[in-house]
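Please keep the sequence and the structure in view while reading.

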Amino acid sequence: MVDKDSQWFKSRVGLDVKETPRDLSFCQYALANDRLMEVEDAKKDERFKSNLLVIADPHIRYYAGIPLIDPNGYALGALCVIDRIPRQLDETQKHILSLLRDEAVALIVNRKEREKYKESEQKLKAFFDNSQSHVYA
């Protein structure tokens, strides 16, 4: 997830870093697109070859990121894959990443909808609870 100052890794495997400054973030570039962004070798990419995350720990060489866009068009973050060696996704892997993106967006949207429903339900219950105290027989 990315805000104006930082990026946070909500889930990670093999990466000890929990947060980085946004200006070092690869995800900020992925969020500028509506499709997969792939950096096969960050040391050869003009945007990233002098990035502290490339030249120092965690020594990122590979990045693939796809934005998480909700149904209203808001970028929620990016689903990304990072590695310390150069690589390239094949078409099947790209498709799987797209499916994972769709599932992540659906989970986030459904959670927001459930929270909204729960809040409406609580307001309605409070209204009826208060209304019954004003009913006279």
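In what follows, helices (H or I, at least four residues) and strands (E, at least two) are DSSP runs, and they are numbered from the N terminus. The model is a predicted one, and from the N terminus on the elements of the protein chain run β-β-α-β-α-β-β-α, which comes to three helices and five strands. Of the 137 residues in the protein chain, 27% are buried.

Three strands form an open sheet in the order E3-E4-E5, and their pairing is antiparallel. The edges are strand E3 (37-39) and strand E5 (75-83), each of which pairs on one side only. From one strand to the next, the twist averages 15°. As a general point, the strands of a sheet pair through backbone hydrogen bonds, either parallel or antiparallel.

The two pairings can be set side by side as follows.

| Pair of strands | Sense and bridges |
|---|---|
| E3 and E4 (residues 62-69) | antiparallel, three bridges |
| E4 and E5 | antiparallel, eight bridges |

Val39 has Tyr63 in E4 as its bridge partner, while on the E5 side Ala64 stands opposite Val81 and Ile66 has Leu79 as its bridge partner. The hairpin of E4 and E5 has five residues between the strands, and within this hairpin Gly73 takes a positive phi near 90°.

Why can strand E4 be called largely enclosed by the rest of the structure? Buried here means under 20% relative accessible area, and seven of the eight residues of E4 are buried, so the strand is largely enclosed by the rest of the structure.

## Leu24 and Leu53

Leu24 is placed in the loop between strand E2 (19-21) and helix H1 (27-30), whereas Leu53 is placed in helix H2 (residues 52-55). Leu24 has a relative accessibility of 17% and therefore counts as buried, and Leu53, at 8% relative accessibility, also counts as buried.

How far apart are Leu53 and Leu24 in sequence and in space? They are 29 residues apart along the chain, and from C-alpha to C-alpha they are 6.9 Å apart. Asn51 is 27 residues from Leu24 along the chain, and the C-alpha atoms of this pair are separated by 6.4 Å.

Not counting residues up to four places away in sequence, Leu24 touches Asn51, Leu52 and Leu53. With its neighbours within four places likewise left aside, Leu53 is in contact with Thr20, Leu24, Pro58, His59 and Ile60.

## The cavity

The structure holds one cavity of 30 Å³ or more, and about 30 Å³ of space lies in the largest cavity. Its lining consists of Gln7, Phe9, Ser25, Phe26, Cys27, Leu53, Ile60, Tyr63 and Ile82. Leu53 and Ile60, which are in contact with each other, both belong to this lining, as does Tyr63, the bridge partner of Val39. By class, the lining of the largest cavity divides into seven nonpolar residues, two polar residues and no charged residues.

## The pocket

About 760 Å³ of space lies in the largest pocket. Of the 32 residues that line the largest pocket, those nearest its centre are Ser11, Arg12, Leu79, Cys80 and Val81.

Which elements each supply at least two residues of the lining of the largest pocket? They are strand E1 (6-8), strand E5 and helix H3 (91-132). Helix H3 gives the most to the lining, with eight residues. By class, the lining of the largest pocket has 22 nonpolar, five polar and five charged residues.

Conventions. Residues numbered from 1 in each chain as written. Predicted model: local features only at pLDDT ≥ 70, side-chain atom pairs only at ≥ 80, totals over all residues. Heavy atoms only, no water. Pairing = 2+ DSSP bridges. Axes fitted to C-alpha atoms, helices over the stretch in contact; angles between N-to-C directions. 1 Å grid on protein atoms, 1.4 Å probe; cavity = no way out; pocket = protein on both sides within 12 Å on 5 of 7 lines; lining within 4 Å. Points joined across faces, edges and corners; volume = space filled by probe spheres on them. Nonpolar A, V, L, I, M, F, W, Y, C, P; charged D, E, K, R; others polar. Buried < 20%, exposed > 50% of the residue type's maximum accessible area, 1.4 Å probe, protein only. Contact = heavy atoms within 4.5 Å.
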